[in-house]
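Dear colleague,

Please find below the structure that I am handing over to you. My findings follow it, and I would be grateful if you read them with the structure open.

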Amino acid sequence: MTGGNVHENDIESTAIAWAVRCEAGELSQAEQQRLDAWLAGDPRHLGAYVRAQAISVDVDRVAAMSPRGDLSVGVAGRRQLEPRLRTALALSLLVGLLGVIALIGAYTRFSGRVTTTHGEVRRIDLPDGSVMFLDSDSVAQIRFGDRQRKIIVRKGAALFQVAKDAAHPFVVSAGDVAATVLGTVFSVRLSEQETAVTVAEGAVRVDDAAHTGGPVTLRGNEQFVSAATGNRRMSLASAEVTRRLAWKERRLVFDGQQLGVAAREVSRYTRTPVFIDDAKLARAEFFGMFNVGDGHAFAVAAAAAFDGRVVEEPDGLHIQRSQNAPSH
Amino acid sequence: MDHKNRVRWFAREVLPHEVDLRLWLSRRSRAGLPCDVDDIIQETYARLWTVDADAILNPRAYMFVTARRILGEVIRRAQVVQIEFAVDFEDLDVLEDAEAGLEGRLSARQEVERLRRIVATLPTKCRQAFQLKKLEGLSQRETAERMGVAESTVEKHLAKAFRIVSEAIKAAANDKSEVVAWYDWRQRARKRH
């Protein structure tokens, strides 16, 4: 054992030095070669390097949780925290760097990670009788404990039918947003720009850690969107809610969305994506209902609706305007 | 997953369990384990890095099982195994340890407080670099300018700060061992009934 001694030239010091170097900016070619050679020399080198980077990421996470200035003592000319440090305030605040012993802690009764691939929509029956539908290309983590039933949507979207159990709140978190269910059907969708909570039935309380203003309670046919540009809450027509949640029935419904938007949504569920090559065509209103995963039917219908044609290319199906207009 | 997301996955799913794994390993080590806990931890991280994170349902259990496998290899390599330890090794219910309610987690406030305490112990220059870069979010160049030193000096200070954070994780495992001894005793007492 090395005990508590800090050696200047041991594996850990070298690993930390490289982690710091990488964080400062792009490595030069020579540096990258030296790093690769060092990493290849011994599996412990790789392990120590990964660990050093993980520690650095974790420090960022904890720093982002602290009230501004809390961690800073005696640095002259303090500046505001950079936005990137402030964005990381996820709702999984309980994930700790170090464990403390809680003998009467939240013992995990049921936990796991569920993923879906392109074109796959999964129904997951949860142990409490609730049902989760996981949308295509999505990742969710299930953590059912003694105090609450928690689902973390890491990627994509999920829809829930929640069994009533007042003693164990059902909490769904995605990015900065946590939705606590008060008995209901609702969905959470996480995209790069924003997180949207849509309620079909019942009521859901939404807490957004990234914004102040306290929790918001959503009722049926309401939507809450958390975005970098600000939060918004809106009422939706019930037909619109049904449309947005239709993927659960493995159907996609379009009633006047732009064709380009529709194509992107269809492509979420199929390995053969559909592209609208013409910008004007992409803005046209489109109506139709399709089975999830059937990109081909969508392409044919869209081409027929706009007098275009479907061209199969290696990257997917392209819808183009017909070449009947003389080009030269 | 790209490199950055995999590092995040490690920070989120692996690092929080390191204290408990160290504790588990150090208990074996007191029973005559012929190797260094740091070596096994590093080797464990390396092996976890090579697997697809999405395929791991329970990272904590996976981490413990991986460490146990490495420990087994080390023992076989060492050839000389104390009989007492060999028996103990057969007896290890690593999953039970991995699942045990020991993984109490710190609240956000406790985590911030813990980091604040570590920052307070850093040497002045080292602390200044760490605060400017990691807490104030300045770039390395800006940090160097603010401190009036070369960027390479900032790197040295940062590396030292990280080393101290890392040592704090190790120290936490040592601090915890006494409480755990009590917890083990209670567990055994419960099993006897």
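A:Arg143 counts as partly exposed, at 27% relative accessibility. Please note that the model is predicted. The side chain of A:Arg143 meets that of B:Glu13 in a salt bridge, at 3.7 Å from N to O. This pair crosses between chains, from strand 4 (residues 139-144) of chain A to helix 1 (residues 3-14) of chain B. B:Glu13 counts as buried, at 4% relative accessibility.

Over all chains, a search of the whole structure finds 33 salt bridges. One of them links B:Lys170 with A:Glu12, with the closest N and O atoms 2.7 Å apart. B:Lys170 lies in helix 10 of chain B and A:Glu12 in helix 1 of chain A, so this pair joins two chains. B:Lys170 is buried, with a relative accessible area of 9%, and A:Glu12 is buried too, with 6%.

A salt bridge also forms between the side chains of A:Asp60 and B:Lys134 (3.0 Å, N to O). B:Lys134 belongs to helix 8 of chain B and is buried at 1% relative accessibility. Helix 8 of chain B is mostly covered, with nine of its 12 residues buried.

In chain A, three strands form an open sheet of mixed pairing, in the order 13-16-15. Strands 13 and 15 stand at the edges with a single partner strand each, so one side of each is left without a neighbour in the sheet. The twist from one strand to the next averages 25°. Strand 13 pairs with strand 16 in the parallel sense over three bridges, and A:Ile276 stands opposite A:Ile319.

Yours sincerely,
A colleague

Terms used. Residues are numbered from 1 along each chain as its sequence is written. Chains are lettered from A and ligands numbered from 1 in the order in which they are written. This is a predicted model: local features need pLDDT of at least 70, side-chain atom pairs count only at pLDDT 80 or more; totals for chains, interfaces and linings use all residues. Side-chain values use heavy atoms; hydrogens and water are left out. Two strands pair if DSSP finds at least two bridges between them. Helices (H or I, at least four residues) and strands (E, at least two) are DSSP runs, numbered from the N terminus. Axes are lines fitted to C-alpha atoms, for helices over the stretch in contact, and angles run from 0 to 180 degrees between N-to-C directions. Buried means under 20% relative accessible area, exposed over 50%, partly exposed in between (1.4 Å probe, protein chains only). A salt bridge is a side-chain nitrogen of Lys or Arg within 4 Å of a carboxyl oxygen of Asp or Glu.
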